[in-house]
Amino acid sequence: MAVQNFEQIFQQKIDDDIRIEPKDWMPEKYRQTLIRQISQHAHSEIVGMLPEGSWISRAPSLKRKQILVAKVQDEAGHGLYLYSAAETLGISRDEMIEQLHSGKAKYSSIFNYPTITWADMGAIGWLVDGAAIMNQVPLCRASYGPYSRAMIRVCKEESFHQRQGFEALLVLSKGTAEQKAMVQDAIDRWWWPSIMMFGPHDAESSNSESSMKWKIKRFSNDELRQRFVDMIAEQVKLLGMTLPDPDLKWNEDTKHYDFGKINWEEFWNVVSGNGPCNKQRLDTRKKAWEEGVWVREAAAAHAEKRKQRVVVKEGIAA
């Protein structure tokens, strides 16, 4: 069958909302687009453990410590699901990790900002995970089966993370003047990086058009960003705080919130590796990988021994 016919069958499946599975024929560009997106998503989950993990020992109570430990553990699980989904496309986990360490593969720019106070843990849960959920819920209907199925569990857990973050900020917002100031400061620092998480404007995104055609993405960057702004602009009122945007206001004509201009120079600078914590985050990941060599080797040796035992048992039984 001609490649053109395969492409027509493939696109018809996409149009009919039939999931593409690993053994199905797919265009090479579709496969590469998925590898890029899923591996970047996996890297973001793993690197995202770092700014929060550093606060586990400094959490203000045992309850908060337990919540944060559980959350960081969830993020590790999300990375595992996503690396496994990417592997079905013919790329190894070692190769993906090497691409991360070399800088060839990216992760979300949001994780290159420092966590300065305990309120940052709440702001990350509310704003960062809130933006992630807005991005990720549509991925539960992504055209690639392993990716869409992995995202169902990821989104369920991320919804808890967002609620936990908001609740943590709500408690602080009802506290002392110092605690209230801490909440406002965290919101001021995390607001703009959070809305940058949706990526560049649609006209400037090189991958949006094909991703929309293949239903990897269901909504554009700007559509999702607007939904996020509308949601947070209302929720912030419950905290008695404000968003750091003097241009933020309700537009009665569009039934959406207008908001100010995003500093894209900052966004691209962080994406290019020049953010406040880029080097620190990658150095930490590389160190963990290098120090974990013996664990991976031990696990591989144990797996090989178990395999050999099965072969011997089957030989005796025969």
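**Rings and charges in a predicted model**

Okay, let's start with a charge on a ring: the charged end of Arg58 sits over the ring of Trp55, 3.8 Å from its centre. By "over" I mean that NZ of Lys or CZ of Arg is within 6 Å of the ring centre and within 35 degrees of the ring normal. Arg296 does likewise with the face of Trp289, at 3.5 Å from the ring centre.

Quick caveat: this is a predicted model, where local features need pLDDT of at least 70, side-chain atom pairs count only at pLDDT 80 or more, and totals for chains, interfaces and linings use all residues. Numbering runs from 1 along each chain as its sequence is written, and side-chain values use heavy atoms, with hydrogens and water left out.

Now, ring on ring. There are 12 aromatic pairs in the structure, meaning Phe, Tyr or Trp rings (for Trp, the six-membered one) with centres within 6.5 Å; planes under 30 degrees apart are stacked, over 60 edge-to-face, and the rest tilted.

Take Phe6 and Trp25: their centres are 5.5 Å apart and the planes are at 20 degrees, so that one is stacked. Phe6 is in helix α1 (residues 3–15) and Trp25 in the loop between α1 and α2 (28–47), so the pair ties together parts 19 residues apart in sequence. Helices here are DSSP runs of H or I, at least four residues, numbered from the N terminus.

Then there's Phe198 with Phe228, a tilted pair, 5.4 Å centre to centre with 50 degrees between the planes. Both of these Phe residues are buried, that is, under 20% relative accessible area with a 1.4 Å probe, protein chains only.

Last one: ring pairs join Phe6, Phe10, Trp25, Tyr30 and Trp214 into a cluster.

Terms used. Helices (H or I, at least four residues) and strands (E, at least two) are DSSP runs, numbered from the N terminus. Buried means under 20% relative accessible area, exposed over 50%, partly exposed in between (1.4 Å probe, protein chains only).
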